[in-house]
Amino acid sequence: MSAQVVQLPPGCKIVEAAPSAPQTAAMFEGYPDLLTPDDMAEIIRQSAQTVRKLMRSGEIPNAFKIGAFWYVAKADFAEFVERGKRGAA
């Protein structure tokens, strides 16, 4: 089975929606290795409440709670951002 080739109209180009690795790395400078919902909300310019919903739903990978507080490793959140999965919750 061969792959189908799609011809784009002149002047059209494919643009990657997610930030590139260097851009993403710069976004996380100055943040701790374990991010809180407030940290993540600041990075993606959403509310902490929205971030908590994404964590509860599993859209942000490997989120965990210690007591009443949510956390995500910076590397896992960077992967989430790179995939461009900032869905509105």
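pLDDT is the predictor's confidence in each residue, from 0 to 100. This model is predicted, and the protein averages a pLDDT of 79. A score of at least 70 is reached by 69% of the residues.

**View 1. The stretch 85-89 has a pLDDT below 50.** Despite that score, residues 85-89 have eight contacts in the model beyond near neighbours in sequence. Gly84 follows helix H4 and has a positive phi, near 70°.

**View 2. Three strands form an open sheet in the order E1-E3-E2.** The pairing is antiparallel. Strand E1 covers residues 34-35, and strand E2 covers 64-66. These two are the edge strands, and each pairs on one side only. Strand E3 spans residues 69-73. Two bridges link E1 to E3 in the antiparallel sense. Here Leu34 stands opposite Ala73 of E3. On the E2 side, three bridges join E2 to E3, again with the strands running antiparallel. Lys65 faces Trp70 of E3 across this pairing.

**View 3. E2 and E3 form a hairpin with two residues between the strands.** Gly67 belongs to this hairpin and takes a positive phi near 65°.

**View 4. Strand E3 has one covered face and one uncovered face.** In a regular strand the side chains alternate between the two faces of the sheet. Which residues of E3 lie on the covered face? They are Trp70 and Val72. The uncovered face carries Phe69, Tyr71 and Ala73. Trp70 stands opposite Lys65, and Ala73 stands opposite Leu34.

**View 5. Helix H2 is largely enclosed by the rest of the structure.** H2 runs over residues 37-44. Why is H2 described as largely enclosed? Six of its eight residues are buried. They are Pro37, Asp39, Met40, Ala41, Ile43 and Ile44.

**View 6. Asp39 is buried yet has no salt bridge.** This residue lies in helix H2. How far away is the nearest side chain of opposite charge? That side chain is Lys74, at 9.2 Å. Beyond neighbours within four places in sequence, Asp39 is in contact with Tyr31, Pro32 and Leu34. Leu34 is also the residue that stands opposite Ala73 in E3.

**View 7. Arg45 and Asn62 have positive phi values although neither is a glycine.** Phi of Arg45 is near 55°. Is Arg45 buried or exposed? It counts as exposed, because its relative accessibility is 77%. Asn62 lies in the loop between H3 and E2. Its phi is about 60°. Asn62 is exposed too, with a relative accessible area of 52%.

**View 8. The largest nonpolar core has 18 residues.** Which residues have the most contacts inside it? They are Met40, Ile60 and Phe77. H2, H3, E3 and H4 each supply at least two residues of this core. Met40 is one of the buried residues of H2.

**View 9. Phe77 touches residues from several parts of the chain.** Residues up to four places away in sequence are not counted here. The partners of Phe77 are Phe28, Leu35, Met40, Ile43, Ile44, Ile60 and Val72. Among them, Met40, Ile43 and Ile44 are buried residues of H2. Val72 belongs to the covered face of E3.

**View 10. Helix H4 holds five residues listed here as buried: Asp76, Phe77, Ala78, Phe80 and Val81.** H4 spans residues 74-82. Phe80 has its place in this helix. How accessible is Phe80? Its relative accessible area is 0%, so Phe80 is buried. The C-alpha atoms of Phe80 and Glu59 are separated by 8.1 Å. Along the chain, these two residues are 21 residues apart.

How values were computed: Residues numbered from 1 in each chain as written. Predicted model: local features only at pLDDT ≥ 70, side-chain atom pairs only at ≥ 80, totals over all residues. Heavy atoms only, no water. Pairing = 2+ DSSP bridges. Helix = DSSP H or I, 4+ residues; strand = E, 2+ residues; numbered from the N terminus. Buried < 20%, exposed > 50% of the residue type's maximum accessible area, 1.4 Å probe, protein only. Lys, Arg positive; Asp, Glu negative; His and termini not counted. Salt bridge = Lys/Arg side-chain N within 4 Å of Asp/Glu carboxyl O. Contact = heavy atoms within 4.5 Å. Core = buried A, V, L, I, M, F, W, Y, C linked by side-chain atoms within 4.5 Å.
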